[in-house]
Amino acid sequence: MRVLVTGATGYIGGRLLPLLLARGHRVRALVRDPDRAAGAPWSSDVDVVAGDVLEPASLGSALDGVDLAYYLIHSMGAGGDFAERDRRAAASFAAAARAASCHVVYLGGLVPAGEVLSKHLASRAEVGAVLREGCDATELRAGPVIGSGSASFEMVRYLTERLPLMVAPRWIRNPVQPIAVDDVLSYLLEAGEGRPGGTIDVGADVLTFRSMMEVYAEVRGLRRIILPVPVLAPGLAARWVGLVTPIPNRLAVPLIEGVLQPVIADTSRARRLYPHVEPLPYREAVRRALDETVSGAVITRWSDALGRPGPRALEEREGLVREVRAADVAAPPEVVYRVFSGLGADRGWPAWSWAWRLRGLLDRLAGGPGLRRGRRHPDELRVGEAVDFWRAELVQPPERLRLRAEMRLPGRAWLQWDARGQGEGTRLVQTAYFAPRGLPGLLYWYGLYPAHAVIFGGLVRAIARRAERLAGEEDRL
Ligand SMILES: NC(=O)c1ccc[n+]([C@@H]2O[C@H](COP(=O)([O-])OP(=O)(O)OC[C@H]3O[C@@H](n4cnc5c(N)ncnc54)[C@H](OP(=O)(O)O)[C@@H]3O)[C@@H](O)[C@H]2O)c1
């Protein structure tokens, strides 16, 4: 089959794509920024087309000749009126899919029976309805998805790991029905191979959000005490999640809204239509997600999607200021590259690490991501992946890496390293770029220049030292 995957840079789409290829399908990926797809492991095996579901003109060619299209998109991360955007996007996509006579498979959220839906759940359900009315569509509905790097799993993981004693609202006793990401993917594959099937709930065992944390604690051998309190407003709970876990408020709100009401899947249709998918019990899903997290085998992560169309890449233009530092390093470029491309998350930012942590804290207070996003993998880095408050914009091993700042700034900033072979060693050049926005931008840059000079100088020297140490260790082996 010819298959189109939308949301290929997202958590679910990025995992589905290799499975479709393994099944022998011819796959096309619709992405807003093709440069980001270029870094994905599947990039050379798929046909990448640039498109935006909010721009109907880009959809005709993307769907041309396609038998099956996966709709794995939402725009909650872009803020504002996401419901209106997602409705418009679904309507455009449905019209284009109908014109192409293709089957659309959409993954939405479980809908609590007979309850008033939260804004987020209502929007997910509305997208499903728009697609089903506008074209031949199958809507799979899932609750919290448990997998390495998934937002639900990371929320449970960080809350349980970090809080030995938890004061939690009463609604954590509501029944919920999580599902392992591998099972979601199996259902998506099965649904794509079947006929358009309306709505199909999927889920594994029923438990409560409280027991999701308790089971996690058991699997990890942790003793945790959870004390229920009569009230804790969902908005406050989302802020608390934002404080304790890496999950930002914009993602924590829909996750919490998803467990505020009892949400149980009616899995009878799924069992009948796809009898050989046997959903993994929650405990096993946690074990698997933990194993992958510990072994660094996280394929995609909640922080992969940009959420909004990517900002322009670095370009030379008037007013762009730069801070250039260089060092001669007694180590080959491959080793130097490994060091600067492995910075951030648990390894932190060397030299003046307290200043980086303070910058992260200030950024969080200002509403930015701070350092909490970490990174998907300690060593691997692909274009578009988050690294603390940066995002990888240019990844060219073993020569060049450019990170784009996503911290709150009065302007736009990048940090780039170039490693050029020089005899037996490397000439390492580190360039910080800043495109100031008006007077506040200039005041920021020049006001902090002395501090930046010290920090950036320390950074390039620390990279050089680390690379030399690493090269020495490798020589001794
Ligand atoms: N992950 C879960 O736990 C979970 C649970 C239940 C249901 N679901 C459903 O599964 C689907 C996929 O979720 P996900 O977690 O994979 O989302 P995600 O990681 O946030 O990815 C969203 C994807 O949508 C793309 N996108 C957003 N706006 C777009 C636009 N206007 N045009 C083209 N692409 C656009 C993003 O591209 P950029 O990278 O360019 O931003 C990204 O690839 C959603 O329908 C969600 O409701 C997910």
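This is a predicted model: local features need pLDDT of at least 70, side-chain atom pairs count only at pLDDT 80 or more; totals for chains, interfaces and linings use all residues.
Good morning, colleagues. I begin with helix 1 and helix 7. Helix 1 covers residues 11-22 and helix 7 covers residues 181-193; they pack at an angle of about 60°, and their axes are 10 Å apart. Helix 1 is therefore oblique to helix 7. The crossing of these two helices is right-handed. On the side of helix 1, the contact is made by Ile12, Arg15, Leu16 and Leu19, and on the side of helix 7 by Val181, Val184, Leu185, Leu188 and Leu189. Eight of these contact residues are nonpolar, none is polar and one is charged.

Let me turn to the ligand. Which residues come nearest to the ligand? Of the 31 residues around it, they are Gly7, Gly10, Ile12, Val145 and Ala305.

The next topic is a sheet. Strands of a sheet pair through backbone hydrogen bonds, in either a parallel or an antiparallel manner. Here six strands form an open sheet with antiparallel pairing, in the order 14-19-18-17-16-15. Strand 14 (321-329) and strand 15 (386-387) are the edge strands, each pairing on one side only. Within the sheet, strand 16 (residues 390-396) and strand 17 (residues 400-405) pair in the antiparallel sense over six bridges, and Val395 stands opposite Leu401 of strand 17.

Two helices lie across strands of this sheet. Helix 13 (residues 333-340) lies across strand 14, strand 17, strand 18 (411-422) and strand 19 (425-436), and runs at about 155° to strand 18. Helix 15 (residues 438-447) lies across strand 14, strand 18 and strand 19, and runs at about 145° to strand 19.

I close with the backbone. Most residues other than glycine have a negative phi, and most peptide bonds are trans. Trp352, although not a glycine, has a positive phi of about 55°. Trp352 lies in the loop that joins helix 13 and helix 14 (353-365). Thank you for your attention.

Definitions and conventions. Residues are numbered from 1 along each chain as its sequence is written. Axes are lines fitted to C-alpha atoms, for helices over the stretch in contact, and angles run from 0 to 180 degrees between N-to-C directions. Helices (H or I, at least four residues) and strands (E, at least two) are DSSP runs, numbered from the N terminus. Angles under 35 degrees count as roughly parallel, over 145 as roughly antiparallel, 65 to 115 as roughly perpendicular and the rest as oblique. A crossing is left-handed if the near helix is turned anticlockwise from the far one by less than a right angle, and right-handed if clockwise. Two residues are in contact if their C-beta atoms, placed from the backbone, lie within 7 Å. Ala, Val, Leu, Ile, Met, Phe, Trp, Tyr, Cys and Pro count as nonpolar, Asp, Glu, Lys and Arg as charged, and the others, Gly among them, as polar. A residue is near a molecule or strand if its C-beta atom, placed from the backbone, lies within 6 Å of it. Two strands pair if DSSP finds at least two bridges between them.
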